[in-house]
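Please read the following notes beside the sequence and the coordinates.

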Amino acid sequence: LWTVLIHQYLGDTALHFSLRQKRLNCVYMLLLLGANPNIANAKSQTGTMLCQTIYGQTYENMKYDARRKLVNVTKGEQLQSLP
């Protein structure tokens, strides 16, 4: 609910905030949980655009890195439950 209110009043999604604050673990978790990178904020910036401008990577590459990082810290029996 709070992310909807933030987007509604400030124009940013949780993904926008995480990318701008360079909270890479938060970005990874949001990407893996299915955050929509195509929602534009008040400045018409999408998460996809911020991935490129802030990290110099495409959204798809960052999502791949997120999964790879999560696999490295996940116990073997939990791997099947990963998104």
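1. Contact, as the word is used throughout this note, means heavy atoms within 4.5 Å. On that criterion, and leaving aside its neighbours within four places in sequence, L15 is in contact with V27, L30, L31, A35, N36, P37 and G47.

2. This is a predicted model, in which local features need a pLDDT of at least 70 and side-chain atom pairs count only at pLDDT 80 or more, whereas totals for chains, interfaces and linings use all residues. Residues are numbered from 1 along each chain as its sequence is written, and side-chain values use heavy atoms, with hydrogens and water left out.

3. On confidence, the protein averages a pLDDT (the predictor's confidence in each residue, from 0 to 100) of 81, and 72% of the residues score at least 70. Among the elements, helix α1 (residues 2-10) has the lowest mean pLDDT, 62, while helix α4 (residues 47-55) has the highest, 94. Where pLDDT is low, the predicted coordinates should not be read in detail.

4. The secondary structure comes to 5 helices and 0 strands, so that the order of elements from the N terminus is α-α-α-α-α; helices (H or I, at least four residues) and strands (E, at least two) are DSSP runs, numbered from the N terminus. Of the contacts between residues at least 6 apart in sequence, 50% join residues at least 24 apart.

5. Buried residues make up 31% of the 83 residues in the protein, where buried means under 20% relative accessible area, exposed over 50%, and partly exposed in between (1.4 Å probe, protein chains only). The accessible surface comes to about 5,700 Å², of which 55% belongs to carbon and sulfur atoms; accessible areas come from the Shrake-Rupley method with a 1.4 Å probe, and for residues only the protein chains shown count as cover.

6. Which residues make up the largest nonpolar core? The term stands for a set of buried Ala, Val, Leu, Ile, Met, Phe, Trp, Tyr and Cys residues joined through side-chain atoms within 4.5 Å, and the largest such core has 12 residues in all: L15, L19, V27, Y28, L31, L32, A35, L50, C51, Y59, M62 and A66. The elements that give two or more residues to this core are α2 (14-20), α3, α4 and α5 (59-73), and the largest share, 4 residues, comes from α3. In soluble globular proteins, nonpolar side chains tend to be buried together.

7. L15, which lies in helix α2, is buried with a relative accessible area of 2%, and its C-alpha atom is separated by 6.2 Å from that of V27, 12 residues apart along the chain. Y28, found in helix α3 (residues 24-32), is likewise buried, with a relative accessible area of 12%; apart from neighbours within four places in sequence, Y28 is in contact with M62, D65, A66 and K69. The C-alpha atoms of Y28 and S18, 10 residues apart along the chain, are separated by 9.4 Å.

8. In α4, G47, L50 and C51 are buried. Seen down the axis of α4, its buried residues fall within an arc of 105°, so they line one face of the helix; the arc is that of the directions from the helix axis to the C-beta atoms. The helix α4 is followed by G56, whose phi is positive, near 70°.

9. Not counting residues up to four places away in sequence, N41 touches G11, D12, H16 and R20. The C-alpha atoms of N41 and G11, which are 30 residues apart along the chain, are separated by 4.4 Å.
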